[in-house]
Structures are given as structure tokens and as C-alpha cells.
2 protein chains.
Amino acid sequence: MDPTPLLNYISRYVNLSAEEEALLVSKAGYRKYLKGQFVVQQGDICRYENFVLSGCLKTFYPDPEGQEHIVMFAVENWWVTDLGSFITRTPARFNVQCLENTELVQFSYDTLEQLYLDIPKLERLFRIILQKAYVASQDRLVRNFSLPARERYTEFRRQYPGIEQRVPQYMIASYLGITKEFLSRIKNRPEEES
Amino acid sequence: MDPTPLLNYISRYVNLSAEEEALLVSKAGYRKYLKGQFVVQQGDICRYENFVLSGCLKTFYPDPEGQEHIVMFAVENWWVTDLGSFITRTPARFNVQCLENTELVQFSYDTLEQLYLDIPKLERLFRIILQKAYVASQDRLVRNFSLPARERYTEFRRQYPGIEQRVPQYMIASYLGITKEFLSRIKNRPEEES
DNA sequence: CTTTTTTATTGACCTGGTTCATTTTCTCCC
DNA sequence: GGGAGAAAATGAACCAGGTCAATAAAAAAG
């Protein structure tokens, strides 16, 4: 595998020495998945924090009535895992599935904990990443409360310009929290202006 | 001020030496607010990360139509700030207002950045706190998508048993993303069973 | 190219939750 | 205690978005 994308990504937040980079890479796992394969399966304990080198994945959750709700998409340079399961060693509530053939860098729980001790800068790295992720999650919550579906869709396209071309429309509807039928109507009955 | 609650809280996640604790406390600000006062005001740059020693606050956001949406409540032992504003030094999108007389421990941006350098364990502390906050935020997102209002309300009472007694009902409705009228109906038309 | 399967569109009807207006109940302060 | 303002309850009309069912279009398989 080529760890360059991961190291480039990290260097945006902290400066690792050459030795630290080497250590990190030596502890990193690498795995290829085919389209359709599950990286995390609901009910299992989620073993890895995953960095996406290439490909595209969805994190989703079947609700009590069996409807699938997509929590997030992940593409190149994103982290993806069931964080709740990963940090508490409890059964995953989400599934993570590949929507394309995908290459991941993987860090197991124990490896990552050891890396935090060996390279304290990683604490800083993940602190910063998590700050951003938390703010993004709050933003999304706010949008879901205060914007109607049509505007959430517009917002989605602004924020994830690439993804709409890569995933089917019914998954975008699920991400937005509406039905595929309603999203179809939104697209085909464009904004009647006053 | 008595920093004991803060130190107790921190000790749940990392072990600080006596010197580190002393340094932390020496850098901590302390401030009392009266019921109704604003700790963060939308449009200002949010200057502090705040730890609640006593009292109760709401973080809220007026949507384009002027409706108030409550993003979170904070009580004793919670952190509260507009994190997006705080970390990026940009105007706050949220307001944070006291619902009771409130005592806060405050860390300014520069102070906290310096503390991260002086006490690297704080990177770990906040990394762990943010992991939990992020997971909680994702959970809430999922609940908002997949549960009807009545069950979200039940869930809210399970998760925040104290708060319902401390804040007016219309604020809980706002937190749940429904109107005060509808919450009133939910409470007074109890779950018709089959 | 043709068949099969997966996605997307469209229509008719339905419902959870909103809006607005009115009334009742709670607080709390003089 | 009594009165004023805030909070909660209630009723009636309404709407954003959902459900179900039936095509149509596109993609994948052969």
C-alpha cells in the first residue's frame, strides 16, 4: 500500500518526525474491500478505525421498522468506523458497507492506544479531528431541525459536491431523512418562486 | 471558587500531577452569571470553553424564520461553548444563555492552547471528551431520524432525568424539534395502546 | 442486443405535526 | 391574598412529507 495520502492528511494537523511516521506506518493495517462488502457489521464489536485511501462507503442503521437510515458517507481522506462501538468495546449499532471497491488503512483499538502513548501528537491530531467532526455533526442536527427537505438537499449538494455522482439517489434521500419518492419530487418539481 | 468539581471530573479521564492541577487551576477563570444572562452571543467570537460548576444553561439558535431551536442543555459537570466559533475564531452561530444563576470555570482560547503544550495529558482529556460528545451527537441524529416525537420525548426523559424539572416545557419541545403545542398533546393524550 | 434487476418517476390518498387563536393554569411579586 | 404576566392546554384548519401501488428508465448480466 501507499501511505502517502494518510501522511499528507496527518501533516495538515500535526508535524510528525520521520521516525514517528515510520512507526505509524509500520503499525497500520491495509485492506481491500469489494463493492458491497461490510467493514463493520451491526452487533459485532467494531475493531478498527479506518482511513479511506480510495473508494466510498456508507454508515447506516436499520430502524425499529426496518428502514435503513444513512448516517454518513465516507470517501477518500475520511475516517470511518462505528466510533461508539470502537471506543467502548460494545456491539456496533451501525453497519459500514462499501459502495465501491475500497482501500482502507486500519488501526486496531490496541494498536491505536499504544500509538497514543508512543506518539503523543496523535492525541492532538484526533482531538482536532474530533472537534471538527463534532461541530459538523451539530451543524447537521441544526439543519435537520430548521431547514425543510428541499433546502437540506441543496445544502447537501453544496457540501458534498462529488458524492451525488457516486451514490444512488435513494441513498441520498435516506441521508437527508426523507423518502426516495419525496426526493424525486423535489428534483422534478423545481422550487416554485413567487 | 472551589475547583474540586472540575478536578474530580478530569480525574475520571486522566491523572494529573499536583503541579499540573495547580497550573491548570491557576490559569482557570471563574465567573458567576445571573439567570437570563448570555455567556455566548450569536455574532460575537466565542472566547471561552466553559465548565459548569453550578446552574443550568441552554445553547440555542434562531432559524431563518426566527424560531428558536435549542441545541443542548448544560448542567453541572458539562462543558459548554460554541465550539465551532471557539476553535475557528469566527462569529458564533449559537447563543448560550443561563436558565438559572450559574457558576462557570472559563478557559480562553490562548490559555487552553498553552495548556495543551504545558500539559499534554489535556490533549488526551479533550480527545476522550470529544469522542463521547461526537457519539452522543450521532445518537441524537439517529433518534431524530428514526423515532417519532413521542418516543424522542420518552428517550429524553430517560437520558436527562433531572432537567425536565428545571426548565420550562416549551424549551424541551424546542430541544426535541417539535412545537410546544404538540408536546403538550403528547403528554396529555397518553399512548393509546392496542 | 435482449433479459433481468435495480433505480427513479408519478399519482392518489393519508398522517404526524404545525399554525393560529382562545382559554386555562401556574408564578411570583406588591 | 389579588392581579399581571408567563407557561401550558385545547380546538380546528392546514400542510410537509409519507405510504402504497403502478410505470418507466437505466444498468448490469448474459
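Biologist: Which residues of α5(B) do B:L112, B:L115 and B:Y116 in α4(B) meet?

Modeller: Contact means heavy atoms within 4.5 Å. In this predicted model, those α4(B) residues meet B:L122, B:E123 and B:F126 in α5(B). By class, that contact has five nonpolar, no polar and one charged residues. Ala, Val, Leu, Ile, Met, Phe, Trp, Tyr, Cys and Pro count as nonpolar, Asp, Glu, Lys and Arg as charged, and the others, Gly among them, as polar. Helices (H or I, at least four residues) and strands (E, at least two) are DSSP runs, numbered from the N terminus.

Biologist: At roughly what angle do the axes of those two helices cross?

Modeller: Two packed helices are described by the angle between their axes and the distance between the axes. Axes are lines fitted to C-alpha atoms, for helices over the stretch in contact, and angles run from 0 to 180 degrees between N-to-C directions. Here α4 (residues 109-118) and α5 (residues 121-146) of chain B cross at roughly 115 degrees, with axes that come within 6 Å.

Biologist: Before we go on, what should I know about the numbering and the model?

Modeller: Residues are numbered from 1 along each chain as its sequence is written, while chains are lettered from A and ligands numbered from 1 in the order in which they are written. Local features need pLDDT of at least 70 and side-chain atom pairs count only at pLDDT 80 or more, while totals for chains, interfaces and linings use all residues; side-chain values use heavy atoms, leaving out hydrogens and water.

Biologist: In what order do the four strands of the open sheet in chain A lie?

Modeller: Two strands pair if DSSP finds at least two bridges between them. The order is β2-β7-β4-β5, with antiparallel pairing. At the edges are β2 (38-40) and β5 (68-74), each pairing on one side only. Between β4 (residues 57-62) and β7 (residues 95-98) of chain A there are four bridges, and A:L57 stands opposite A:C98.

Biologist: How much area do chain A and chain B bury between them?

Modeller: Buried area is the accessible area (1.4 Å probe) that two parts lose on being put together, summed over both. For these chains that is about 3,400 Å², 66% of it on carbon and sulfur atoms. In chain A, A:R127, A:Y134 and A:F145 lose the most area to chain B.

Biologist: How many salt bridges does the rule find across that interface?

Modeller: A salt bridge is a side-chain nitrogen of Lys or Arg within 4 Å of a carboxyl oxygen of Asp or Glu. The rule finds eight, including one between A:E113 and B:R124 (3.5 Å, N to O).
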